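Here's a short tour for anyone opening this model for the very first time. Take a look at it, then read on.

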Amino acid sequence: MIVVPRTVHGNRTTAENELMTEHRVCIEIGGMPVLIRTGQSGFAKMLRDRYGAFAGPPLENLAPVAPGPQSQGPTHAAFELEVELIPPGVVTDAEDVRVTAEGGRWVMERGDFHAEWDEKRGQGWVRQSANPYSLDSVLRILHSLILAREGGFLVHAASAIRKGQAFLFAGISGTGKTTMCRLAPPDVAILTDEISYVRKGQNEYSAAKGQKSGSSNSREEEPRVNRQTAGLHHEYKIQDSRRYEAFGTPFAGELALIGRNLRAPIAGLFLLAKGRENRVEDVSHSDAARALLQNILFFATDAELVQRVFQSALDFLARVPVRRLVFAPHPQVWKGIGVGSEGLDSGLAFQ
Amino acid sequence: MSQLYPARSKAIAARKLDDEMMIMSARDSTLFSLNDVGTIIWEAADGRTPLAEIVTQKVCAEFDVEPGEALKDAESFVLELAGHGIMLLSDAPQAGPS
């Protein structure tokens with residue numbers, strides 16, 4: 001964990017230096033590093049504490065570069081948010097989250113924060129008091145916007161990795177997301193008990209050599225970001241761009257436990273329902289779509305992005321098996337999940 | 001009520017799954033799912049066909065319902081969708097493809 005203050009010159013007092021110093025914390029969620037810049041070391045520390053393994057050293061290579069070969073348009077190598085801290089109080093009159101596009105930038109508002117985001121430049125700012133929750137909301141909105149362009153989404157679902165495969169457990173509050181996480185055996189890595197990060201497979205690059213594995217070193221195939229400097233993900237392989245991956249998130253639910261900063265291909269989505277015994281039921285395509293779409297987090301009023309998210313959800317459903325998991329709150333529910341070698345269908349054999 | 005010409009809004013995303021139309025509003029990301037009758041009306045709502053014709057030609061041809069009652073229900077239905085901004089209503093045919 002490193003916070004790198006900008007170099008301060010002159011014979012200033014410690015207090016003056018604090019005022020002049022910029023503190024940086026890189027928060028990388030879903031493999032997307034967002035550099036947070038703040039003038040207060042206390043807030044930077046608060047963020048490091050809040051985001052734990054998701055807060056890494058600042059990236060030095062932050063400039064947006066040419067889109068990668070899988071990109072459909074301009075992409076961003078990394079993202080920056082400058083946080084302006086103000087005294088506690090109402091920032092805007094927006095009671096609910098409001099996300100609108102104005103003059104080529106996104107405006108995000110809620111009573112406790114006002115933020116603006118220049119999508120093309122990958123830069124923005126936030127005005128809020130010194131609490132981690134406002135920034136948490138801004139990051140969720142930001143990632144939902146970025147993911148919408150990339151074919152992914154945030155969804156109200158717990159997720160976990162077992163034997164190298166990720167499983168999602170979706171449902172509204174009270175259906176058992178947190179319970180499933182509480183009951184997880186030691187060999188299960190919890191990615192989140194509340195908000196899952198789903199991203200379509202990307203062609204990844206060799207971090208060590210700075211070039212795409214198994215391909216020529218053409219300019220178009222240069223890495224979009226030197227992820228090695230982020231230091232959070234070290235395994236780089238060519239991924240199947242058609243498959244979906246789940247990433248850990250720091251967005252916690254009732255467990256108040258931030259997820260593990262891991263990723264894995266998604267082997268299945270379970271729609272949760274509590275019952276007296278464990279059983280797995282088939283789900284119609286329309287039921288699966290309805291359940292998934294109702295649980296996706298998307299805040300922006302934007303026809304194009306809503307259509308993209310909608311298409312992404314349906315594409316996800318075409319590639320990832322969905323079942324309803326009726327379960328009793330007992331650790332045995334995990335007995336049949338992820339134990340097979342071929343994913344959800346072979347792995348679900350409740351006894 | 002005068003003739004109603006319903007047209008699907010363009011500010012939506014929609015897909016038919018298992019005879020059920022899933023519609024997501026771009027205005028507030030609200031999800032709507034239409035049953036089979038609603039789906040028939042939705043698919044026929046091209047802005048040029050009056051609702052009464054949709055009911056008699058499509059709905060009554062498919063389901064055993066009384067035309068007057070079906071039209072009344074259909075009017076309530078399209079008004080509700082219009083209230084959510086996913087259907088546009090006009091009292092005259094709309095030019096061009098919807």
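## A phenylalanine in chain B

Leaving aside its neighbours within four places in sequence, which residues is B:Phe63 in contact with (contact means heavy atoms within 4.5 Å)? They are B:Asp36, B:Val37 and B:Ile40.

You'll find B:Phe63 in the loop between α2 (51-62) and α3 (67-83) of chain B; helices here are DSSP runs of H or I with at least four residues, strands are E runs of at least two, and both are numbered from the N terminus. B:Phe63 counts as partly exposed because its relative accessibility is 25% (buried is under 20% relative accessible area, exposed over 50%, partly exposed in between, using a 1.4 Å probe and protein chains only). B:Arg48 sits 15 residues away from B:Phe63 in sequence, and their C-alpha atoms are 23 Å apart in space.

## How to read the model

This is a predicted model, where local features need pLDDT of at least 70 and side-chain atom pairs count only at pLDDT 80 or more, while totals for chains, interfaces and linings use all residues. Residues are numbered from 1 along each chain as its sequence is written, chains are lettered from A and ligands numbered from 1 in the order in which they are written, and side-chain values use heavy atoms, with hydrogens and water left out.

## Chain A and its confidence

Chain A has seven helices and 17 strands. Of its 351 residues, 54% count as buried.

As for pLDDT (the predictor's confidence in each residue, from 0 to 100), the mean for chain A is 79, and 73% of the residues reach 70 or more. Residues 204-239 of chain A stay below 50, and this stretch has 75 contacts in the model beyond near neighbours in sequence.

## The sheet

Chain A has an open sheet of eight strands with mixed pairing, in the order β3-β1-β2-β4-β8-β7-β6-β5 (two strands pair if DSSP finds at least two bridges between them). At the edges stand β3 (55-56) and β5 (98-102) of chain A, each with a single partner strand, so one side of each has no neighbour in the sheet.

Strands β1 (residues 23-29) and β2 (residues 32-38) of chain A run antiparallel and are joined by seven bridges. In this pair, A:His23 stands opposite A:Thr38.

How values were computed: Contact means heavy atoms within 4.5 Å.
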